[in-house]
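This report describes chains and selected residues of one structure. The sequence and coordinates are shown first.

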Amino acid sequence: MLLITCPFCGPRPELEFGYAGEAHVVRAQDPREVSDLQWTEYLYQRSNVRGVHAERWRHAHGCAQFFNALRDTTTDHFVATYRIGEPRPDAAVEAGR
Amino acid sequence: MSQNFRLPTGGRVNRAKTINFTFDGRRMSGLEGDTLASALLANGEHLAGRSFKYHRPRGILSAGAEEPNALVGVGADEGHYSPNLRATQVELFEGLVAESQNRSPSLRYDWAGVNNLIWRFIPAGFYYKTFMWPRGAWTKFFEPRIRAMAGLGRAPRAPDATTYAQRYAHCDVLVVGAGPAGLAAALAAVQGGQRVILCDEQNELGGSLLSETDAAIDGIPAVRWLSETIAQLRSAGSVQILTRTTAFGYFPHNMLGLVERLTDHLPGAASGPRERLWQVRAKQVVLAAGEIERPLVFPDNDRPGIMLAGAARIYASRYGVKPGQRAVIVTAHDSAYRAALALYQAGVGIAAIADVRANPQGGWVDLARKAGLPVRAGCTITGTSGRLRVTGADLAPLAADGTVGASERVSCDLLLMSGGFTPSVHLFSQSRGKLVYDEALGAFVPGAPAEDCWVAGACRGVSLLSEVLADGFAKGASAARAAGGGPVPARSFATTQAPATGGGFAGALPHGKNPASVRAFVDFQNDSTAKDIKLAISEGLRSIEHIKRYTTTGMATDQGKISNMNALGIATDVLARPIAQIGTTTFRMPYTPTTFGVFAGYARGDLFDTVRRTPVHHWAQAQGAVFEDVSLWKRARYFPLPGEDMHQAVARECRAVRAAAGIFDASTLGKIEVVGPDAAEFLNRMYVNAWSKLKPGRLRYGLLLREDGFILDDGVIGRMSDECFHVTTTTGGAARVLTMMEDYRQTEFPELKVWLTSTTEQWAVIALQGPKAREILAPFVEGADISHAAMPHMSVVECRVAGVPARLFRVSFTGELGFEINVPADYGRAVWEAIFAAGQPAGLVAYGTETMHVLRAEKGYIIVGQETDGTVTPDDAGLSWAIGKAKPDFVGKRALARAGMGEGVQRKQLVGLLTDDPQVVLEEGAQLVADPAQPPPMTMLGHVTSSYWSATLNRSMALALVKNGRARIGETLHVPMPGRVIRVTITGPVFYDAEGIKLDG
Amino acid sequence: MAETMARLHPLAAVKTVADAHLLAQGPMGRFSLRLAANAAPAPLGALGLSLPLAPCRAAQSETAAALWLGPGEWLLLTAPERASAVEAALRAELAGQAFSLVEISHRQTGLSLSGPRAAQRLNAGCPLDLDLASFPVGMCTRTVFAKAEIVLWRTGVEAFHIEVWRSFVPYLWELLVIVGAETS
């Protein structure tokens, strides 16, 4: 069972969370403006990263908030968790290494 | 037989307490403190099982978790029966009933022993090559027979009569293994002020110290040091000590699974749970799992009476048991000399110590020589004799160039072997820590950890007692520090040292015989031999993972404990590549077999899952309702009167609703309170419908899509005020819809001031439907005018019903005049009963979900999940009228505009079906075709989604999704069924009151 | 006919056994209050307390309790007879700002669990670290107990208040009773 750091509640057991797919998949501001192909990619294309993957979780049985996380899919280790709306923190992490 | 092989003194057994048990029905006795294995040996019994494939007689090989042979079934009755327990780990208790496995009719006379005679024809992988012809013979003929012959124990024949417990726990430092390293680690972690859990699979803490008769630690005998250390840990208060507790799995983020055996060692019907699953989250973990002695691989190395040297010493020193009268020892490691000396001192004759090394030297070797034990250096073993017990060992000189001289048979009833030790890296490997091959040690040891984990003592190759203790203490101190504890000064342990040991061998010993004619076992449990591994390589398998699977070496419960290094040793010889390059196989959890019961835990019977019941449930139960499961809910399906079947009950309920009135428990409907200044805008963006202009007090049917444009859910939504909507969802969709709406609220539309609160369980919902609904309800209503003029179809009012504050919906899912009365749930039962009683003169009946389904189908109302399957658009379902066409956006809108989703495409559309024969009720899911004579594969035009007998129409009716269906109305299609073809006519989906007059009573 | 109807407790049909440490509570006034997460409201006279802003913390007054369940989300508990007065007063106090106040008195029910083994019993199904250092008195959170979602609030060193949706109460109750009967 993973230990996931909720940006609001701190480290909590995976049982309290729901997985919610890849993060930073942007829904067009005005969907009428995008092509069928672009919309199809929005609906169905995901990056399936081997390594650090940006993904969404929800602290469903906790504070109920959705948030984003960077998880290494090869080790299950979380690099970071951050709130919706915050930029993906990879750059800062890379700099800190 | 009564313990003829029990030594007069020594061991940790309680000689004052004799324990009686049976093995294969034979009554025997042992002592308190025995395992089943030590008690059998005390009675002179080595023969303990038959092997997996060849049914060869097998004896007790080890004294611990690695035991591959002595697997037994234990339990006085079927409700308490456990197969495949290792006799070396089964604690003896009064009345224990054990039986051997994989033999018929008995251990001594086993008819399947014929497999041992035809072994040449059943090498590794034989089942991949044989039995594949004729087609079908594998599943019908060969497989059942092979399954009956091969294998381990049998499943219990009755449900498990015991219970299981579970617990989550947290600690700063979890120490796995309470041998010298683990104990020292726990001491240090406690000293660092940490919360510690110390677990060990044995019944006593101590590990190797429990059989340590020679050494002293810090000036006192090791066993006394042990008891003082345990007392010190127990008094610390911050240590939880778990004995009989196996750490079976190491999971991500430092969570370990432990199984604590609570009652298996107790006589009689023990009270309380049998086992407890511990799921421990540790800040830091210290693995002190010890090491496992390696067997040697030589021809016929598997006869009863052939044992690991260290195990024999443990039986003598810990259990006071003499495992034989006359022993031959074959070794590549000094520790076997120590075993020889211990046995010699216990009165066992030592016929020979054959050492495959040309020039063995060292403390124990010297002591053995000094004691006059017959040491044969540069000596190998080429075979053994005996059937149910070893009777002799064939020893032969081994030259430096590997040539084997002439064999000499040395008689014995005990043959001990030692190929050195393999560190128990199982848990470390499970944690995804990297293993590295240590050339000097000849073993894989832990390298870089993947978790917050420290490895101490023998399981990383440290062997000298003083070093093991110091290593354990240092790792415990490091773990404590890393967990946030204070610094702990280093500590050394003075031991009056047993001499150092060394040596080791991995692979198959040279035997000088025709390799095709001998069987030298690598994995006893899986009956795989050196020859099998060579065969696998000769057939082109190179990866050790492939060799493992082809030969089954190290699979099942062994998980490399016994076989891993020898298999690698053989592979490295044949492939001429170093072990470090070949690598090792993956160690999988569980470390030792774990019961299904402990994983199930409390989730059995009524507590298997959360069963949700409505406030009206027990009333319905008392009325004799038949229930069905809808998601986690129990819903009343129909209310049969005495003598009625479902068909009759549903027909009666349907007629009553259409003619008078019915009452229906709709409490399970999902309900979400959508509140805030932007509530209407939020719903505009979620649902296909337009909400801005819906007036407070009015209802609207809402349709919710996924972003891909397909129907996700539906439900009636009421506007309670400008800023408050009462949203209903399907029963099964409640959680899904709320989650999806929260997702959009939080992540896509965070600028909207709106909040969502589940009110599913706040309200009990009583649906009152039928032409007499209003007259039954009216006397209960206060504070609202429910006349048609004041309260038309699709309106809502807040009032009191039966004195209780209520949200009263005028809504219909039956096609009749209808109300849905929402009252606070605690009052649901009382209000229901009051209305039910008051409605009796008018002919009010209670109806269930089956009637609800029929009534709505007569009206062509869809049920999400029945008429929809995740590929149905609003237009497919005939619901495009619900879409707010002027809205710029809503979830799913853009997808509906994609090619293939709308105009000009022949999509499947919702239609009605009437069979030519009105008595025939179609099967839901049945396929529709135009030409029943078309040879398969036939062109399938659609399928039946709902099908019922309609009491109202006095005939059958069905709904279906049919390609281009609306344009086919009036056409005839066919439903091919086994043995017949049913003709149907396509109709519109509304069978009853198409004008909607009945909605107003 | 004003509220003469009988209330039916969600545990009414469950055969309860004597358990000194497990108590099913009677009716209570309950509300889910939502405010913009960045709104920092002044003390609320209707409740006699300030809403706790620290995650997973509860505040209590003589007449009410407010449990932080998420950013901008509080569970309010009052005596049942005060519920409608509290609701009216809160609506008046919060008027002018965006908020959501939804009554959920009947949605869920309360259990209290106490005694020296209370945390241990909870840990049979709850995966949180309930050590006092990690879960101090006054801490509250939504979490899970086996297959049910609960709100867990530590009201004392050896005392917990549990809130659970009504249809999950029998499951939770029966499990806690089983666990309570286990020898530690």
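## Terms and model

Helices and strands are DSSP runs, numbered from the N terminus; a helix (H or I) has at least four residues and a strand (E) at least two. The model is predicted.

## Chain A

Chain A contains two helices and six strands. Read from the N terminus, their order is β-β-β-α-β-β-β-α. Along the principal axes, the C-alpha atoms of chain A occupy a box of roughly 40 × 35 × 20 Å.

Of the 97 residues in chain A, 44% are buried. Among contacts in chain A with a separation of 6 or more, 45% are between residues 24 or more positions apart. Chain A carries 11 positive and 13 negative side chains, and 4 Å separates the centres of the two sets.

## Chain B overall

Chain B has 23 helices and 51 strands. Chain B has 1001 residues, 60% of them buried.

In chain B, residues 24 or more positions apart provide 66% of the contacts with a separation of 6 or more. Chain B exposes about 36800 Å², and carbon and sulfur atoms account for 54% of that area. The charged side chains of chain B number 103 positive and 96 negative, with the centres of the two sets 4 Å apart.

The size of an interface is often given as the accessible area lost when the parts come together. For chain B and chain C, the buried area is about 4100 Å², of which 58% is on carbon and sulfur atoms. Leu607(B), Trp755(B) and Asp826(B) contribute 18% of the area that chain B buries against chain C, more than any other three residues. The contact involves 50 residues from chain B and 46 residues from chain C.

## Helix α12 of chain B and the residue after it

Helix α12 of chain B spans residues 544–551. Its buried residues include Ile544(B), Ile547(B), Lys548(B), Tyr550(B) and Thr551(B). An α-helix has 3.6 residues a turn, so residues three or four places apart point the same way. At the start of α12(B), a side-chain oxygen of Ser543(B) comes to within 3.0 Å of the backbone nitrogen of Glu545(B).

Thr552(B) follows α12(B) and lies in the loop between α12 and α13 (564–575) of chain B. Thr552(B) is not a glycine, yet its phi is positive, at about 65 degrees. Its relative accessible area is 17%, under the 20% cut-off, so Thr552(B) is buried.

Arg652(B) belongs to helix α17 (residues 646–659) of chain B. Arg652(B) counts as buried because its relative accessible area is 19%, the cut-off being under 20%. The side chain of Arg652(B) forms a polar contact of 2.6 Å with the side chain of Glu644(B). Beyond its neighbours within four places in sequence, Arg652(B) contacts Phe639(B), Pro640(B), Leu641(B), Glu644(B) and Val845(B).

Ile122(B) sits in the loop between β7 (96–100) and α2 (126–129) of chain B. With 10% relative accessibility, Ile122(B) is buried. Apart from neighbours within four places in sequence, Ile122(B) is in contact with Lys53(B), Tyr54(B) and Asn115(B). Lys53(B) is 69 residues from Ile122(B) along the chain, and their C-alpha atoms are 8.8 Å apart.

## Backbone exceptions in chain B

Most residues other than glycine have a negative phi, and most peptide bonds are trans. Asp218(B), which is not a glycine, has a positive phi of about 45 degrees. Asp218(B) is in the loop between β10 (216–217) and β11 (220–221) of chain B. Its relative accessibility is 36%, so Asp218(B) counts as partly exposed.

The peptide bond between Met589(B) and Pro590(B) is cis, with omega about 0 degrees. Pro590(B) is in the loop between α14 (579–582) and α15 (596–600) of chain B. A cis peptide bond also runs from Pro936(B) to Pro937(B), with omega near 0 degrees. Pro937(B) lies in the loop between β47 (927–929) and β48 (940–950) of chain B.

Notes:
Residues numbered from 1 in each chain as written. Chains lettered and ligands numbered in written order. Predicted model: local features only at pLDDT ≥ 70, side-chain atom pairs only at ≥ 80, totals over all residues. Heavy atoms only, no water. Buried < 20%, exposed > 50% of the residue type's maximum accessible area, 1.4 Å probe, protein only. Contact = heavy atoms within 4.5 Å. Lys, Arg positive; Asp, Glu negative; His and termini not counted. Charge placed at Lys NZ, Arg CZ, Asp CG, Glu CD. Polar contact = N/O pair within 3.5 Å; in protein donor to acceptor, adjacent residues only side chain to side chain. Buried area = accessible area lost by both parts, 1.4 Å probe. Areas by Shrake-Rupley, 256 points an atom, 1.4 Å probe, with all protein chains shown as cover.
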